[in-house]
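Subject: Structure handover

Hello,

Here is the structure we discussed. My notes on it follow below.

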Amino acid sequence: MTIRTENMPPGKRNPGRFPQSVGLLIACILICFNGCGSYDGEKVRRDSDAEYRAASVETSKRELAQKEPLNLDDCIDIALRNNYQVRRSEIEARIASLDRSVAFANFLPEVKLAGSAYTIDRQPMHFAGQSPSGSPMYMPMQDQDVQTASLRIQMPIFTPAAWFLYAARKRGEEIGQLVQEFTRQTVMMEVTAQYFNCLSLRDLTQAARSHVSAARQFRDDVEAMRARDLASDLEVEEARTRLLARETDLGRLERAERSANIYLMGLMGLRPIRPCILEDSADLKTPEGTLSELIAQAMFNHPLLKVADRNVEINRQMVKIAIADFLPSIVGFGDLAYTTDSFTKYSTSWTMGLSGVMTVFNGFANVNRYKIAREREKEAWLRREEACLTVILQILRAQTILSDARADCALARKNAELASMRLSHAQQAWKEGLVSPTELAGALAARDYAEEYRKITEHSLQISIATLRHAMGEPATDRSGKEDGNEK
């Protein structure tokens, strides 16, 4: 053992290189702050916009290439692959699954490995008294260069809260999957409604084009009759006004059709660079059964009710976790330590034992947390009952709308048949000179209106069927045999 003597009083430190280290640390901090200050928000926005444009255009071209015209199933398939809501729900479902995996980690041993190596500018020494001559003496207490390593293994033995937390996270994973399923159903419903809306506007636009042609021909005929004094100036102006009205309606319908098609492209997750081309699809399948049977089916199958059930179970587990706060938590541990310090007799040492923690008093916080958990459990029960009532009311409303749509569709078909018969009689009478041009124009307008209304009611009927299926917690369309890998 070496004892050094110095002319320095005990407890007084020599100045070292610490100020230089502080200066170096401050310089590093300033460099970091300078890097953080170089953010260019405008450049980031421009780059993000360019990236979005390129990606969305490429996706649109890939999805629409050699697939148009699109039917309803094609539109839904594209939407389920690219719709942003669907993609977000998939991410949230994966996050819920990872949360469950994190909760399961509480049952597994925890291993930590740590190491350090450091050098002291002056070897640490203790004051060891004075020499016979009166000078202070110092004794080394540690090496100047030291390396250490440690390994810690910890295993939970009695942690009841971990079991209840894992059960809650497992229900959360199921909720994530159910929310993903319901999101897909919601997107299918929106795409279905917009698809039939586009078809309605397309049919109306096509009919409007033929109406414009007929109105233009009618105006020419009336003007020719006026030249032979077979029609009055009033009838000529009425024919011209009728043509202007038809052209105005056509322009309005063309703009509405384009806007509806672009909105459908957005629902499918595609860039609305142009309207998509659609074709007719088969009629949707109406749910069978009485109203009571439909409600009973929804009570068992609706994803939102399944989510409500699991929320009740999660809150029940939260109550158990609050109770577990009153119990001790016991953990077993083992530590392996190693050091190169020559002043230590044993360079390696093992430490093993048990560690227990139990809350004796925390200002009644655990008691109040238990009360809060019980109240939230009651709230979850009420939310589930409210969800059941909401589903029932939605089915009743959808069933009423469907019945009205069926009646309107049947009436519209009869009116269209009757209007066509009246137009045939009017055209025959026109050839015989028994009706005026105004009366013929009125019959033609009545037939056109009846045909337009018939098409609107037929597409509204399909939307009503999709609405009822969605209210029951089913996909808006019957996709048996067409489910993809992501659909349950």
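The model is predicted: local features need pLDDT of at least 70, side-chain atom pairs count only at pLDDT 80 or more, and totals for chains, interfaces and linings use all residues. Numbering starts from 1 along each chain as its sequence is written, and side-chain values use heavy atoms, with hydrogens and water left out.

Gln-142 sits in the loop between strand E4 (136-140) and strand E5 (145-158); strands are DSSP runs of E, at least two residues, and helices runs of H or I, at least four, numbered from the N terminus. Gln-142 has a relative accessible area of 15% and is therefore buried (under 20%, 1.4 Å probe, protein chains only). Beyond its neighbours within four places in sequence, Gln-142 is in contact (heavy atoms within 4.5 Å) with Tyr-118, Ile-120, Gln-123, Pro-124, Asp-341 and Phe-343.

As for the whole chain, the secondary structure consists of 10 helices and 7 strands. Of the 488 residues, 34% are buried. The C-alpha trace spans about 145 × 55 × 40 Å along its principal axes. Of the contacts in the chain with a separation of 6 or more, 80% are between residues 24 or more positions apart.

Regards

Key:
Buried means under 20% relative accessible area, exposed over 50%, partly exposed in between (1.4 Å probe, protein chains only).
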